[in-house]
Every structure is written in C-alpha cells, then in structure tokens.
Amino acid sequence: MITLNINGKDHAVDADPGMPLLWVLREIVGLTGTKFGCGIAQCGACTVQVNGVAQRSCVTPVSTVANAKITTIEGLSENGDTPVQAAWVAQQVPQCGYCQSGMIMAVDALLKAKAKPTDAEIEAAITNICRCGTYARVRDAIHSITQA
Amino acid sequence: MNDMTNIDRRNFLKVSAAASGGLMLGFHIPAVNAAATKDSEINAWVVVNSDDSVLIRVAHSEMGQGSMTALAQLVAEELDCDWANVRTEFVDPRLNITRNKVYGGMATVGSRAIRSSHEYVRKAGASARMMLVSAAAQGWKVSAAECTAKAGVITHAASKRTTKYGAVAEAAAKQKPPADVTLKDPATWTIAGQPKMRLDMKDKVTGKAAYAIDINLPGMQYAAIAQCPVFGGKLVSFDATAIKKFKGVTSVVALENAVAVVANSYWTAQRAVRALPIQWDDMGNGKVSSATIADFLSEGLAKPEVPVARNDGDVAKAMTGAAKVVSAEYRVPYLSHAAMEPMNCTVRFNADGLEVWAPTQNAEAILGAAARASGLDPLKITVHLTYSGGGFGRRGGAAKGDYVDQAVLIAKEVGTPVKLIWSREEDIQHDFYRPISSAKMTAALGADGMPVAWNTRIAGHTILASANPSAIKNNMDVGFLVLFADNVYDVPNIKVDYAMSNTHVPVGYWRSVNHSQNAYFRECFVDEMALAAKQDPYEYRRKLLAKQPKHLAVLDACAKKAEWGKPLPAGQFRGIAQIDGYGSYVAAVAEISLKADGTPKVHRVVTAVDCGYVVNPDTVRAQLEGATAWALTAALYDQITLKDGRVEQGNFDRYRIMLMSEMPKVEVVLVPSGGFWGGIGEPGAPPVAPAVINAMLAATGKPIRSLPIIKREIGV
C-alpha cells in the first residue's frame, strides 16, 4: 500500500510502485479529470501539480510522489473559480476540452511560481498540446491575468 | 456568467441513473430535490420541467466544435424560453429508431451539424412554443392568437394574465402539434446569433466534463491492443507464455488482425501487449514504402489519358501560342488525425443486451457497429453519448474491425465489462489518413498576364476506396477534385482529370478533407501565375473573381483587415488565399518572416468568413482560430510515411503538433451575408497553408511545392 495525499486528502492505494500516477488517479482513486494523451510526457494532458509544480503524471511512478502533495484539476478549487479557471471561462478557451485540465494545471502552477511571467517564460513553460488549436485563447486568457 | 448551467453533469446523472450497475463518476452529485419537479416532453426535442427549466435534446455530437450550444440556441430562439434555464441532453440513437428518425441524421461530419438540421430543430422549438401558448390560452379560455410568449412567460395582455412555461408544460404536452409553424426572421433573433457562452464550458474547466474514456464500471477490466502494423495484414500467432510475468493480466484475446491483452489496469495491459511476441502475415503489403507510393503517383501524373471531370473550351488549342506558360507539380503526404482523446470503447454486456461508451461523431454508427460485432438487435444496445475529445473526421463512422468492434468482441470473450484504450502509437499507426495526393498544373497566360487556359491532373488516393468503394464509378471521384472541378476562377479553357491512385493505406475524412490539399495546390499555383504575370496576388484574384460577388466580398474584407499593401516591417511578408467549401466562403492573409534556416515564423493570420447566418459568433471565431492551428501544424510539420508497409511515426515526438509558442496572432472577420447556412468546422482550414506558403513565395520568389514545409528525418 502506498499513501498518497491528493487534493488535501490521504488515499491508501494498492498499486505497483512503478505504476504511473496518471493511472493510479484515473483507475484506482477515480479522479478522471486528468487525461491520458500520449504516455510519453509529450502532450501534457496528464499534467497535475506535485508540491505545486506542474508534472506530467503519465511518466511519474507513483512511488516517487508518496510523500508529496498532489493536486489534480478536481482539487484546484471548490467551485472552479480560481483566476485561471475564471479566465478560461471568460475567454471561452476550451473546445473539445480534453487537454484543458492539463493546460489549466500547467498555467496555474506557472502563475503561482511567478505572478507576472514574460511572454518568453509563458511560451517556455506551457508546452501542452491542444489539437483543437485553442492556443490563441490560452494566451489571451493568461494575459488577462498577468496584465490585469 | 448567467448563460451557464451545469448541463452535462446533470445529463450524465441521467446516464448514471439509467445504468443498471451504477457508475463511479469522478465528480460529486449536486443536491437536487428531484421529487419536487416533473418533466413534460412537449416534443422529441423539448422537455419543459415544472420548475421552468428546459431540456433541449441534441442529436449531433459535441467534439469541440460548439454545435451543442449553437443547436440549443436555435431551438431556444424559436421556443422563446429563458436561455438561463436551458440545459441539453444527447439523444440516445436507439430513440431515433423507435421514433422513426425524428432526430434526422446524427452523423456530425462535413461541417453539417447546423446546416443540415437548422430547419427541423427550429420548427421543433416553434412548435413547442405554440403548444405551450395554446395550453395557457385554453386554461384562460381565450384565443391563443391573443397570447404572446417571451423568455418562458406567456402573457394574455387583454386580461393582464401571465403564466410560466413550467406551469402549463403538462397540459402543453397533451396538445396536438400544430400542422404548420412559421419560423422567425433571423434578423429578429435574440438568443441565436448571439455569442452565448458554451454550455459545456464550466465542466470543461473543472475536470467534470465526461468523456467516454472516463467511464468506470464495477468489475471492469482494461484492454490494450496491438494491431497488425501492416495495413491489410492478419494475425498468425502469439506467445502468451512470454507475458506470464505481468501480474494482473487475465486474458489474451485474438482478433482477426489484432491481439488484445486484458488486465486489471490499463498500464499492465499496455506493458504486456508491448512485450507479447506476435507473428503477422503482411498479406503482400510488406514492401510498400513512401518511395514506391511516390512513384505510383508520378505514374498517374504521367499517364496520357485518364477520366476527365471537367473540360471547358479547348485547353490544348489555347495553350499553343500563349504568351507565357506556367507549369508546376505539387504533392502532399498522408496525414493522421491525432485527436487528443485516444480511440477507446467501453462495453458491458447485460442480461439481454449491451451498453457501449465510445467517443464518436456518429452515435448511429456506434450503434450499428455494436450490433454488427455482437450480433444483437440494435434495440437491445444502449449507446451512452459523452463529449468526444476531438474528432476531426476520425470518428465519423465505425468501420468494421475498428475500435467499437474490437471492444465488443473482447468484452464478449472475457465476460466482464471492458474498457479498451488504444495507445497513441496505435492511434497514429491505425488511422484512416488524409489521402496522399499530387497535382500537375499547367496554365497559359495571355498578353495581360491572366490565364486563358488551365490544365490540372490530380493523382491521388480517393477516400471512397476506404469509405464507400461501390461509389467509385469509371475510376472517378469528383469530390477528390473539389476546388478544381468546380473552380470558380474565370478562365475560359479549363481541363481537370484524375488518375485514381489507391494504395493499401486506409484513408478517411480529415478536417477539411479534399479541400485541404486542393486549396494548397490551387491557391499556390495562382500565386505562381501572378508572379509570372508580375501582378499583385490579391489584385490578380480580384480579376479572376470578378463574376463571384460572395468570394470577392470575403477576399476584400480579409485584405482590408490585414491592410494588404501597407508596408510591413523589414523581413516580413504577406500571402493570401481564398476558397469556398462546406457552404461557406473563406479567405486568409498570413504574415511571416523567415528564420535563418529558411523556415517560416508565422506572425499573424487574418481570416474572413461568410457562412450566411451566424448562430454563435464566438464559436465561429473559435473554429476559425482552431482551424488555423490545424492547418499550420499540417503545413509546417506533418507527414505519415511508410516503410515496409507500416507507418513510421508513432507518437507526438515524431508526429509533431504545433505548440502555443508557434501560434500566430489570429484575427477573424465575420462578414455574414445571410440567406444561406454555411458550415464552419472545416472551411477555415484550407486557405491558411497556401496563405503562409504564398507569403514565403513573396519572400523568396521560390515556390514550396511539397508539404510539409519542414522535412524532418525519420527516427530523430
């Protein structure tokens, strides 16, 4: 058994230590907001926060986060009203929405680390793939927070 | 914010309640006092609850394009309900059978969700409004003609009485539907035509939006699959003893051209299937490569006679003695859809039928596939519709042997509910690809530089070869020649012919379909003509479109917004292109600069669109923005290549999707002229690549005649 602290709550999970956190979250804990997109840390659909830092959970063995604070999209806020989520709604960012949990977790982590990142810092940090091509609105939504 | 309701959470609760075993869903259930309200179905599309909430049924899939919200807007507009009270529910395709196709076609393809259904969904809204008003009037013992309805409130002005839809819903449901309804003039719309917030928005920023891949069922197992890497090949054998070491594997299921490993977690199933030794028979396709396919297309381009789709005037005669001849050969590769939600399907057999969850653009195709694979009566099959994490044409059907058939066969064999998930590699290597194609174009220019003759030979792989082989007549597919066979440019002598060149690779409908390659061929060739004529490419197109007011208006609107002709900063260049397609007219202007290695950085894209009526201007803009990214990714980076009969790319490391850092500023100009209903999901994409490449031509004077622009070595 491995004890995980997810969204402020401890979960004892019976998982192989090598099992990626993504699948522990989705299949054992039942938190399906974190998505599978590629399995090789390329697309970022699986992004969660580990001790507040964005991490791609599809390549994160669960044993490596046993003592960490894990935050998923479900735990970001009670009512979906963090500045990033509110900006996403205001800019009507999502289309299919499948990548957006990861996108939001990555942006939230970036802005918690640095409230006013430069455009270069934003572009370097947000490398999540969105096949619907919502990037222009993602950028506008980030700017609506950082330039407020 | 008032426009939002937690539609899909509620919708999903209905699914949850209907499912016999109960679902474990990753979100909380809100406290609702369900007993206090009563649903009244006014007609197949509209249910009014006694608490005044309105449920609008949506028969088309929502895979990001926004038509779920737009279709609800059309119904709500005619219903005259309060938009803040609207929620939606996807139609169970079985209902479409039992209700005699009342929901029309459910396939969400060809940018047709709205343009194919706007009339009957608006009529459903209007009819429901009349039944509600009629019920209120009867209660008051007045004439319905004396009553009005607005925002869910019915008023009899003469007696100053009002009532709400919820109060008369039960009586309205018993009214006879009106024989005829009059639809509103779109100029008077107040709900449709407005940038209403998407009804799926809130759930899509909180992780609550339910996709098929998110279903968890009691006792469910997970399946990972390995499909024969050579298209058309078959399974010979596998060695299950080699994966005994994977704790949690319960079954290995042999399919005709694939092997599935079933386990207690997807991770285990996936690792085990990768470790499984499998023997395949490539059925003779193991020697096909991109080089052999390229040669095959070259043969097609060189053939003396092939079927002719269009022959205006006398091209051969006009070519002789022309002041100038321009000739070029263009090529595009196969492309993959790579929707973010990988192909997946969950199946549960129950006492007398089965349930299926799968991302789709076509719920009826899912139903058909599940019936085919299980042998069950379709009426015993429940298709649970969820959001689809992208579609782009990949999920428009459900081909035999594709993901739904596989999941049904696997679940049938193992006896428990099974969730099959394809790895990204399986998705990219077992797609129905945008076809490979090539074009050889020759134009004769007159003394004024304008074309007097234009000859186009296309050699490529028709989608019909995979989608509907019996539709191929006389080796012709006019759809493959779109933008040429129906080229609107004013040229007196035009010939278009087609060397059908089909390979063993499965092909399919890829967002913007044949417009994607043909817009590139045609619009870049127009710039080559303009260059040879030493004319401005925008003005050159204006002359060619002199008799096409709709195309011209969109082209002009785009050029105006992009400030065509105004000097750009040093090192930046513009390109322009325009198309018609899916019932709409679109133009694009791109601004680029060239990096040291000669590849482009795209700074700004301006697109203009006339789709006739605009139902939701914000989602129209979103589709044009997204289509820009779709087109740029393909033009800059992507190709599916083959070696030894198999696809060489497998994941996003080799099949590159552009990132936010590469996204240009996109400006969308809406110039709706009204009077028609054009599609919007696809037509934004085709003009973008030629606009960018024409900007490169403006920069260098050298055409780019094959895609992608950035050729990458395979294996790096």
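Author: Let's start inside chain A, where 17 residues of domain 1 of chain A are in contact with 13 residues of domain 2 of chain A, contact meaning heavy atoms within 4.5 Å. The model is a predicted one, so local features need pLDDT of at least 70 and side-chain atom pairs count only at pLDDT 80 or more, while totals for chains, interfaces and linings use all residues. Side-chain values use heavy atoms, with hydrogens and water left out; residues are numbered from 1 along each chain as its sequence is written, and chains are lettered from A and ligands numbered from 1 in the order in which they are written.

The two domains run over 2–75 (domain 1) and 83–146 (domain 2) in chain A, with bounds that come from an automatic or database domain assignment. Their centres, taken over C-alpha atoms, are 20 Å apart. Between them, domain 1 and domain 2 of chain A bury about 1,200 Å², with 55% of it on carbon and sulfur atoms. Buried area here is the accessible area (1.4 Å probe) that two parts lose on being put together, summed over both.

What about polar pairing across that interface? The rule finds zero salt bridges between domain 1 and domain 2 of chain A, a salt bridge being a side-chain nitrogen of Lys or Arg within 4 Å of a carboxyl oxygen of Asp or Glu. On the domain 1 side that touches domain 2, strand 3 (47–50) and strand 4 (53–56) of chain A each supply at least two residues. Helices (H or I, at least four residues) and strands (E, at least two) are DSSP runs, numbered from the N terminus. By class, that side of domain 1 of chain A divides into seven nonpolar, eight polar and two charged residues. In this scheme Ala, Val, Leu, Ile, Met, Phe, Trp, Tyr, Cys and Pro count as nonpolar, Asp, Glu, Lys and Arg as charged, and the others, Gly among them, as polar.

Now for the interface between the chains. Here 50 residues of chain A are in contact with 65 residues of chain B. Chain A and chain B bury about 4,700 Å² between them, and 60% of that is on carbon and sulfur atoms. Within chain A, Gln95(A), Arg131(A) and Tyr135(A) lose the most area to chain B, together 18% of what that side buries.

The rule finds four salt bridges across the interface of chain A and chain B. One of the salt bridges joins the side chains of Asp618(B) and Arg137(A), at 3.1 Å from N to O. Polar contacts across the interface of chain A and chain B come to 27 residue pairs, both at pLDDT 80 or more.

As for who supplies the chain A side, helix 1 (21–29), helix 2 (83–90), helix 3 (100–113), helix 4 (119–125) and helix 5 (135–146) of chain A each give at least two residues. Helix 5 of chain A gives the most, with six residues. Sorted by class, the side of chain A that touches chain B has 24 nonpolar, 17 polar and nine charged residues.

How values were computed: A polar contact is a pair of N or O atoms within 3.5 Å; within protein, one must be able to donate a hydrogen and the other to accept it, and residues adjacent in sequence count only if both atoms are side-chain atoms.
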